[in-house]
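Good morning, colleagues. Please look at the sequence and the structure on the screen while I speak.

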Amino acid sequence: MRRRVFLLLSGAGAFLSQMVRPLLARSAQLPAVPQTKTVSQAIAVARGVDVGSVAQLSKSGQVLVRTSALGPLLVIRDPATQKLKAVNPTCPHRGCLVDWIASSDNFLCPCHQARFNANGRWIGGQPVNRPLESYKVTVSNGRILVSKG
C-alpha cells in the first residue's frame with residue numbers, strides 16, 4: 001500500500017469514527033426496555049406485595065424492601081394522620097435511596113439533601129423534577145400489602 005493511500009484511508013477512518021460517536025452517545029441515553037414480568041410477579045402486584053408486618057413497622061418505624069415486584073419500597077406511618085404510606089425510596093434526581101428521618105418527619109436524600117414529606121412531595125433542599133412514587137397500602141391479618149394505586 002502506498003503512503004498516500006494509507007494516510008487518506010486512516011484520515012477518513014478517523015473522521016468517520018468521530019461522526020458515529022454522537023450517535024452512540026444518543027443511543028446510550030435512550031430509556032431501557034421495560035422488563036417483562038412473570039405471571040407470579042403480575043399476580044403479586046395485583047394482590048399487593050407483602051412487605052412485612054405491622055408489628056415490624058411499629059418496632060422499627062419503617063419497613064424497607066430493596067427488591068420486590070414493584071421495585072424498592074419504603075413503608076412508614078404518616079405522623080400527621082397515622083396512616084401507612086408507601087413510596088419508592090429511589091430519589092428521582094440522583095437515584096440514591098432516601099432515608100425516613102422520624103425526628104423531622106420527612107424523607108432525606110443522602111446524595112444531595114433534598115427533603116420529601118410523608119406523601120413523597122419535595123419540600124426542601126436541592127430541587128427535584130418529580131415527587132417520590134407512592135403506592136396504595138392495605139393491612140390484612142397484620143401484614144402490610146403494597147400495590148399500585
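This is a predicted model: local features need pLDDT of at least 70, side-chain atom pairs count only at pLDDT 80 or more; totals for chains, interfaces and linings use all residues.

The protein has 149 residues, of which 30% count as buried. Its secondary structure amounts to 3 helices and 10 strands. Read from the N terminus, the order of the elements is α-α-β-α-β-β-β-β-β-β-β-β-β. As for contacts between residues at least 6 apart in sequence, 40% of them join residues at least 24 apart.

Let me now turn to strand β3. Which strands pair with β3? One of them is β2, residues 62-65, which runs antiparallel to β3 over 4 bridges. Within that pairing, Leu73 of β3 is the bridge partner of Val65. Strand β4, residues 84-87, also pairs with β3 in the antiparallel sense, over 4 bridges. Here Leu74 stands opposite Val87 of β4. The hairpin of β3 and β4 has 6 residues between the strands, and Gln82 takes a positive phi near 65° there.

Finally, I come to Ser104. Where does this residue lie? Ser104 is found in the loop between β5 (99-101) and β6 (106-108). Is Ser104 buried or partly exposed? Ser104 is partly exposed, because its relative accessible area is 38%. The side chain of Ser104 makes a polar contact of 3.3 Å with the side chain of Asn106. Between Ser104 and Asn117, 13 residues apart in sequence, the C-alpha to C-alpha distance is 9.5 Å.

How values were computed
Residues are numbered from 1 along each chain as its sequence is written. Side-chain values use heavy atoms; hydrogens and water are left out. Helices (H or I, at least four residues) and strands (E, at least two) are DSSP runs, numbered from the N terminus. Buried means under 20% relative accessible area, exposed over 50%, partly exposed in between (1.4 Å probe, protein chains only). A polar contact is a pair of N or O atoms within 3.5 Å; within protein, one must be able to donate a hydrogen and the other to accept it, and residues adjacent in sequence count only if both atoms are side-chain atoms. Contact means heavy atoms within 4.5 Å. Two strands pair if DSSP finds at least two bridges between them.
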